[in-house]
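Please open the model in your viewer and display it as a cartoon.

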Amino acid sequence: MRIVLFVSAMLCTPAWARTPPAMAPAAQRADSIVVDKSDRRMRLLRDGKLIRTYSILLGDAPSGHKRQQGDERTPEGAYRISGRNPNSRFHLSLRVSYPNDADRKQARARGVDPGGDIMIHGGTPPGYRRDWTDGCIALSDVQIEEVWSLVPNGTPIRIDP
């Protein structure tokens with residue numbers, strides 16, 4: 001009976017009232033992230049060694065590099081984790097530093113907005129297998145909690161086609 005009440009209370013707790021997971025000890029944290037869009041995998045590395053692998057889902061138009069706001073593509077290239085949102089509507093989220101200078105330059109040359117708000121976030125229901133984001137990298141809530149604790153701000157992320 002107590003377990004059911006606890007779970008019910010957790011499900012009813014608003015996002016702003018939840019406490020995000022603590023950071024893992026420094027020796028356990030990732031120092032780089034590699035995303036392979038074609039393989040739908042995100043790898044966390046430390047000193048060049050694999051420490052975790054996750055299946056991911058992408059934007060509704062997963063092929064090609066993000067070029068502008070609303071194209072539903074996940075960017076490709078070198079970025080960093082530039083922030084974190086413990087109150088994300090997708091459980092937790094880590095901000096990817098898109099757009100970079102090259103992204104802004106190509107968008108400006110075409111007279112379009114490059115877009116932004118690219119995140120690694122939770123929100124994927126268990127067992128769901130279709131791309132669904134507007135260009136973000138999606139995980140389950142359990143996975144983003146682990147990634148949240150292992151990935152500090154400033155971590156480089158390379159997103160490959």
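Two strands are said to pair if DSSP finds at least two bridges between them. The model on the screen is predicted.

Select residues 41–46, which are strand S2, and residues 49–55, which are strand S3. These two strands run antiparallel and are joined by 6 bridges. To see one of the bridges, select Met-42 and then Tyr-54, its bridge partner in S3. Next, select Asp-47: the hairpin of S2 and S3 has 2 residues between the strands, and Asp-47 takes a positive phi near 55°.

**Second stop: the whole sheet.** Strands of a sheet pair through backbone hydrogen bonds, either parallel or antiparallel. Now display the open sheet, which 8 strands form in the order S3-S2-S1-S8-S4-S5-S6-S7, with mixed pairing. Which strands are the edge strands? They are S3 and strand S7 (137–138), each of which pairs on one side only.

Select strand S1 (residues 32–36) together with strand S8 (residues 156–160); they run parallel, and 4 bridges join them. Asp-36 has Asp-160 in S8 as its bridge partner.

Select helix H3, residues 141–150. Helix H3 lies across S2, S3, strand S4 (77–85), strand S5 (93–96) and strand S6 (119–121), and runs at about 150° to S3.

**Last stop: a charge and a ring.** Show the side chains of Arg-84 and Trp-148. The charged end of Arg-84 sits over the ring of Trp-148, 4.5 Å from the centre of that ring.

Conventions
Residues are numbered from 1 along each chain as its sequence is written. This is a predicted model: local features need pLDDT of at least 70, side-chain atom pairs count only at pLDDT 80 or more; totals for chains, interfaces and linings use all residues. Side-chain values use heavy atoms; hydrogens and water are left out. Contact means heavy atoms within 4.5 Å. Axes are lines fitted to C-alpha atoms, for helices over the stretch in contact, and angles run from 0 to 180 degrees between N-to-C directions. A charge sits over a ring if NZ of Lys or CZ of Arg is within 6 Å of the ring centre and within 35 degrees of the ring normal.
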